[in-house]
Amino acid sequence: MSVETKESDIIVRVAEVMIEELKLEDVTPTSFEPDIDLVDEIGIDSMDLATVALVLQDHYGIRFDEDDYPTLTTVRKIAAYIAARLAS
Amino acid sequence: MTVPNLKDVQETCRAPQRHWKFADILADPSIHARWEKVRQYFFLRESTYDMSCRCNIRCEGCYYFEGAKQYTSENRDPEAWRQLMQAEKDRGVTFVVLAGAEPALVPDLCKVCFEEMPLGTIATNGLIHIPETIGYRIHISVWGNDATSQHIRGAADMLIRQIDNYRNDPRAVFVYTFTPTNIDEAREVTEILSRQGAKITFNMFSAPVGYDGPLKHTPASLAKVRETMIDLLASYPEQVLFSNYNAVVHTHQLGLDALFACPYPRRNPSQNIGLGRSFRQYRTDLSWDRDASCCVPDTDCSDCRHYAAGSAIVTSKLFRHATDPETFRAWLDYVDTYLAVWVTGYEKGANLYTGVTEPPCCAP
């Protein structure tokens, strides 16, 4: 299975996983503001972020470092992290 | 049920044999169902509150009467507590733990907290009944049989009085704290409580900073407690709220901090997310100190195996346990236990993992 490698496509995929896993309402993958602070403005917690990271690991076939995912507090940061892992 | 051969348990870090996708782990229907059950409670955000500087008994090794917090003044104004709870809600707290020194001495303040924040637990010695109008979980501390309690806590007939106060009370969970000297009494106490239909869980004595007395655990006592916990869980599965994995992580020679990198503010400088960001431990004057913030302040972190600490520390390590079905089952049992012990109305399911597995890896 091929996966998105362009950061803009990854952003949409991350938003999609976020919406699906956290059951977010009134937002779509394309309307999800990638720089919104997930902790301050959406109220997600470490367990939510861990869940999202596990699903994204599966999808992209990469490994998130346990120490890294708590710092990935926007969709854009998560997408950049994934893009870097895919490129390495 | 056969008690696992504990000699086979190695006190070493363990790496998964193969790489499992999270989706493949969840493909097991029993795992998936339990995951969906526990994840509904991921909204819980905890903080803890000392309610009074006073206690009606004085126990050897009590962490409350260590450090500076015991000397703070008491704010006994219900309106101040109401405003605190409202402010806590505003910053995202959804679960309160009312603890030191003895919350049952200030029921009016506990009631205000309950009116504002419906989910929570009160830690009490159980000698003073807390009114039913306060619908929190009630954790009643038990430190051995009545002879031992008389010796360690200076109170007579403790278990009888605790049972009388909370007989058939669905809020109550009796918390048996294992010390090196009361391990053999645990069966007797568990039998008594089970006959009363009471729920029981287990705690480990965790030494306050500087404590080097007889209650501090040794490698031999840790091993014996592990065997006893697992044996009692097998003997009383309907009454004992616990899992084999609880027994393993709370009796490991490495403490919780060394095993899992404690995320409480006292040990975690990060304020990005999780406990490091939201957790506070309030003193009786409603002040709090980030540098001292954890659920058992003034406990020696290297000796901390406390059940309240583990409930947050182990539960928060979802990512680390999602490595293979066996490890994830063990973690789900732990989280299921934590929720049953702490959250009113949450019913524990049967444990998914009946073996004994080591924690997935140690902290860096």
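Which helices of chain A do the buried residues of α1(A) pack against? They pack against α3 and α4 (75-87) of chain A. I'll come back to that helix. Some ground rules first.

This is a predicted model: local features need pLDDT of at least 70, side-chain atom pairs count only at pLDDT 80 or more, and totals for chains, interfaces and linings use all residues. Residues are numbered from 1 along each chain as its sequence is written, and chains are lettered from A and ligands numbered from 1 in the order in which they are written.

Helices (H or I, at least four residues) and strands (E, at least two) are DSSP runs, numbered from the N terminus. A residue is buried if 20 or more other C-beta atoms lie within 10 Å of its own, exposed if 12 or fewer, and partly exposed in between, with C-beta atoms placed from the backbone. Contact means that the C-beta atoms of two residues, placed from the backbone, lie within 7 Å.

Chain A, then. It has four helices and zero strands. From the N terminus on, the order is α-α-α-α. The C-alpha trace of chain A spans about 30 × 25 × 20 Å along its principal axes. A compact globule of 88 residues would have a radius of gyration near 12 Å, and chain A agrees, with 12 Å. That radius is taken over C-alpha atoms, and the globule rule is 2.2 Å times the number of residues to the power 0.38. Of the 88 residues in chain A, 39% are buried. Take the contacts in chain A between residues at least 6 apart in sequence: 60% of them join residues at least 24 apart.

Back to helix α1 of chain A, residues 7-22. Buried here are I10(A), I11(A), V14(A), A15(A), V17(A) and M18(A). Down the axis of α1(A), these buried residues fall within an arc of 160°, so they line one face of the helix. The arc is that of the directions from the helix axis to the C-beta atoms. On the other side of α1(A), S8(A) and E20(A) are exposed. K23(A) follows α1(A), and its phi is positive, near 55°.

Now the contact between the chains. Chain A gives 18 residues and chain B gives 15 residues. Which helix supplies the largest share of the side of chain A that touches chain B? Helix α3 of chain A, residues 46-60, with 10 residues. That side of chain A divides into nine nonpolar, five polar and four charged residues. Here Ala, Val, Leu, Ile, Met, Phe, Trp, Tyr, Cys and Pro count as nonpolar, Asp, Glu, Lys and Arg as charged, and the others, Gly among them, as polar.

On to chain B. It has 14 helices and seven strands. Its radius of gyration is 19 Å, close to the 21 Å that the globule rule gives for 364 residues, so chain B is as compact as a globular protein of that length. Buried residues make up 51% of the 364.

Next, the sheet. It is open, has seven strands, and runs β6-β5-β4-β3-β2-β1-β7 in chain B, with parallel pairing. Two strands pair if DSSP finds at least two bridges between them. The edge strands are β6 (199-204) and β7 (281-282) of chain B, each pairing on one side only. Five bridges join β1 (residues 46-50) to β2 (residues 95-99) of chain B. E46(B) stands opposite F95(B) in β2(B).

Most residues other than glycine have a negative phi, and most peptide bonds are trans. The bond from G100(B) to A101(B) is cis, with omega near -25°. A101(B) sits in the loop between β2 and α4 (107-116) of chain B. A261(B) has a positive phi, near 55°. A261(B) lies in the loop between α10 (256-260) and α11 (275-278) of chain B. L286(B) has a positive phi as well, near 70°. L286(B) is in the loop between β7 and α12 (307-313) of chain B, and it is partly exposed, with 18 other C-beta atoms within 10 Å.
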